[in-house]
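Thanks for coming. I will go through one structure today, piece by piece, and keep to local features.

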Amino acid sequence: MKVLWSLVSNFVDVTDLSPYDVAEKLINAGVEVEDIEDLRERLRGVVSAVINRIELHPYTPSLNILYISDGKDEYRVVCSDQLLKEGDVVLLCRPGSNLPDGTTVSVANVRGVESQGMLLSEIELGTDPNATRVLLLDRTTPIGIDAIELLGYNDYVLLISPTPNRGDLFGIIGVAREISAICGRPMKLPEIGFEEDTLDICEITDVTVLDEELCPRYVAKYIYDLTVRPSPLWLKLKLLHLGMRPISNMVDVTNYVMFEFGQPLHAFDFDKLLGGKIVVRKARNGETIETLDGKVRTLDEDVLVIADLERPVAIAGIMGGANSEVSDSTRKVLLESAYFDPRNIRRSSKRLGLSTEASKRFERGVDIEGLFVAALRAVHLIQKIAGCKVARGGIDKFSIKGTRKIINFDPDMVQNILGCNVSRDDSKRMLVNLGFDVKEDSGGNWYVEVPSWRCLDVTRSIDLVEEVARIWGYQNIPDELPSGSLQGEKPESTYQFQKEVRNLLVSFGLREVITYSFIPLDYGERLKLGVENTVEIMNPLSEDMVVMRPNLIYGLLDTASRNHSNLIFDFAIFEVGRVFGFEEDGRFKESLVCAFLLSGNKDKHWSRPFEPYDFYDAKGIAEAFLDNFKVDTSFKSGSERPYLHPRISCTWFHGDTVIAAVGELHPDVKESFDLKRNVYIGEIFLEPILGLERTYSYKPYSQFPFVTRDLSFIVDESVGYGEIEKFIRSSKARYLYEFRLIDVFKGPQIGDGKVSYTLNFVFSKMEGTLTTEEVDGVFWWLAGEIEKNFNATIRTRR
């Protein structure tokens with residue numbers, strides 16, 4: 001967020017402080033300042049000057065030749081503004097001047113006449129691309145004064161990056177409050193006074209909130225006899241420096257107050273509200289609205305809207321509708337200042353693909369008690385700028401009053417936790433300067449009331465310790481290791497189990513990665529999953545860390561995507577970690593899972609320099625894993641996991657529970673992660689395995705040669721390989737040592753609804769060498785049993 005240094009000085013005295021020094025103090029207090037821009041660099045070489053004489057251009061009647069003095073020299077400038085008069089004071093851009101739009105002024109030949117500079121207009125400033133006149137100053141303005149001083153460019157822009165839990169820092173008043181506490185200087189609040197008319201707002205309009213959970217407070221003020229016109233230059237420039245395009249006085253005031261307070265406001269053209277009333281409700285499925293960006297958006301019932309009596313007129317907390325937009329013809333305005341549920345705004349913004357300055361603030365939580373003051377500030381400014389009338393009173397639908405958090409706090413925690421000598425008086429002073437109300441009982445305990453702008457962020461005693469630590473300065477906390485004995489015991493079973501899992505996967509040639517437990521909300525869309533069972537974070541660190549991961553797949557795919565973007569395609573990785581969700585009864589749960597990913601080619605070897613990973617490599621890893629832990633499983637081709645290819649995947653069950661699934665990544669998911677090579681992934685759910693008792697049995701290894709046979713047969717697609725595998729194992733065929741599936745085929749060659757399996761059988765005999773007759777007898781007996789029990793067509797010839 002951009003913070004204008006001059007606006008900070010409106011709320012706390014920083015005239016004797018350097019913005020660079022203050023930025024360092026903010027950083028030490030945990031507020032990241034990414035950059036500082038000196039606005040003076042945008043405007044160089046421009047001064048106030050007076051027009052001494054005007055002549056017509058000898059070759060072009062639409063141009064004039066102006067002779068202009070900056071108090072030292074006279075300049076000849078060719079200009080198209082025909083309304084200029086001798087004695088007018090203008091801003092002269094002398095040769096070599098640098099302008100905000102990137103122009104460097106030089107001497108130029110204009111239709112046969114040399115022009116020694118130009119006059120500054122709002123086009124070059126960027127405040128009005130359609131300006132037809134140059135900027136005129138008051139005739140009493142001294143000549144030769146630098147435009148930096150006259151236009152307020154002797155200023156700085158601080159680019160700060162607040163953490164998502166600090167919604168209060170998305171307003172300049174919040175930043176000023178931090179500076180006030182750090183530097184020990186008093187805060188000043190902005191003017192909010194204005195004149196009200198005798199007309200009562202309740203006689204004109206009303207607001208109905210149908211969903212108080214998503215909108216616990218809604219404030220409205222009514223403004224009329226308004227003339228919508230361009231804002232004064234000072235307001236345009238302030239908004240421009242803050243990164244916002246000036247539009248009109250009414251809209252610009254709402255944006256300016258948003259930057260001041262961190263509270264988004266919205267102005268509705270009252271005459272365009274059907275029925276003249278506001279209804280805050282959920283959208284109806286399929287309902288549409290054309291937003292201010294000119295796009296028609298289809299809504300669903302999870303999106304909160306601001307509506308009149310017939311249709312939506314704004315998407316709550318995100319963007320207004322074109323059907324109620326303030327225009328040059330607007331004379332009456334209903335001003336909105338509201339609090340919307342942060343999680344709902346975050347979901348709606350993601351779902352609609354629409355992020356705005358307003359939504360960024362509502363997502364992080366605005367000050368529910370400060371929004372009425374923000375509305376009054378906006379009314380003060382618009383009346384001052386436009387001279388409008390304001391109806392008496394205001395509408396304030398407030399459903400959750402008196403919800404400030406009070407924390408029972410032992411102030412000795414500060415010294416115990418931080419390990420530095422911070423007195424109780426210093427701790428109290430720092431908390432009070434941050435807006436906390438501290439009361440002390442007879443026993444020395446404190447009762448700390450959390451200010452409304454920090455109610456989502458500060459909820460526990462340890463949070464208060466952190467606040468003191470920030471203002472005290474992290475750099476002042478000594479670097480000393482704590483002393484004392486460590487107690488407690490390691491949960492050997494889980495720890496050893498995870499260690500065994502990791503060692504096993506490493507032995508398969510995989511490398512371990514560790515990814516974040518927090519992932520973006522759009523993971524569901526990218527993985528073709530729903531997000532109904534997702535655990536959302538109340539105060540996410542960033543937009544990429546909004547929910548707790550429900551699986552490890554997103555992290556592995558994100559890792560693969562980053563490697564592919566850097567032209568690293570050949571790797572095999574795994575992760576062991578916990579995933580999060582909810583039980584059917586709504587209770588929170590976390591589970592231990594491992595997942596692996598194969599990309600590109602296998603490790604290079606002289607005998608196979610470029611052998612790519614395939615589905616069977618992934619299947620083999622899962623089979624070997626389950627076999628190592630002696631898990632009794634059944635097998636089924638295909639998988640119900642939407643991020644796996646439906647025809648190149650398989651699933652293992654332990655009883656009725658899915659215990660593992662592997663497959664090629666679904667093409668749509670591959671595209672969403674911008675992966676350049678085929679990727680194969682697998683998931684193994686460790687919780688059921690952790691509880692299993694493993695028993696190992698050993699049998700002698702035959703000293704005589706093994707004999708192998710391959711059997712191919714066709715069955716109905718509904719027959720899973722797991723059934724066939726279970727049947728063969730239960731048959732206890734003589735001499736059968738082991739068998740495995742080596743091929744699965746589906747296609748028109750064998751008929752619709754059919755699947756062909758090819759199995760490799762290994763036969764062994766302990767007491768001698770197998771004869772062909774012995775092997776053939778068992779092999780064809782097995783083939784006959786499969787044919788009989790599964791209505792199979794044997795493809796292998798005798």
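**Helices, strands and a few loops**

T494 is in helix α14, residues 492-507; helices here are DSSP runs of H or I with at least four residues, strands are runs of E with at least two, and both are numbered from the N terminus. Before going on, the ground rules: this is a predicted model, where local features need pLDDT of at least 70, side-chain atom pairs count only at pLDDT 80 or more, and totals for chains, interfaces and linings use all residues. Residues are numbered from 1 along each chain as its sequence is written, and side-chain values use heavy atoms, with hydrogens and water left out.

Back to T494. Is it buried or exposed? T494 counts as buried because its relative accessibility is 18%. Buried means under 20% relative accessible area, exposed means over 50%, and partly exposed is in between, with a 1.4 Å probe and protein chains only. Leaving aside residues up to four places away in sequence, T494 touches R578 and L690, where contact means heavy atoms within 4.5 Å.

Helix α10 covers residues 371-386, which is 16 residues. From first C-alpha to last it reaches 22 Å, close to the 22 Å expected at 1.5 Å a residue; the expected span is 1.5 Å times one less than the number of residues. Because 13 of its 16 residues are buried, α10 is largely enclosed by the rest of the structure. After α10 comes G387, with a positive phi near 65°.

Helix α16, residues 553-565, has 13 residues that should span 18 Å at 1.5 Å a residue, and its end C-alpha atoms are 18 Å apart, so the two agree. Among the buried residues of α16 are I553, Y554, L557 and H564. L567 follows α16, and its phi is also positive, near 65°.

Now the strands. Two strands pair if DSSP finds at least two bridges between them. Strand β4 (residues 64-69) and strand β5 (residues 74-79) pair in the antiparallel sense over 6 bridges, and Y67 has R76 in β5 as its bridge partner. Together β4 and β5 form a hairpin with 4 residues between them, and G71 in the turn has a positive phi of about 95°.

Further along there is an open sheet of 4 strands in the order β38-β39-β37-β40, with antiparallel pairing. Which strands are at the edges? They are β38 (736-745) and β40 (793-794), each of which pairs on one side only. β38 pairs with β39 (residues 754-763) in the antiparallel sense over 8 bridges, and V744 has Y757 in β39 as its bridge partner.

Finally, some loops. N791 is in the loop between α21 (772-790) and β40. Its phi is near 50°, a positive value in a residue other than glycine. N791 counts as exposed because its relative accessibility is 62%. D674, in the loop between α18 (667-672) and β36 (679-685), has a positive phi near 55° and is likewise not a glycine. With a relative accessible area of 45%, D674 is partly exposed.

F706 counts as partly exposed because its relative accessibility is 32%. That is my last item, and I will take questions now.
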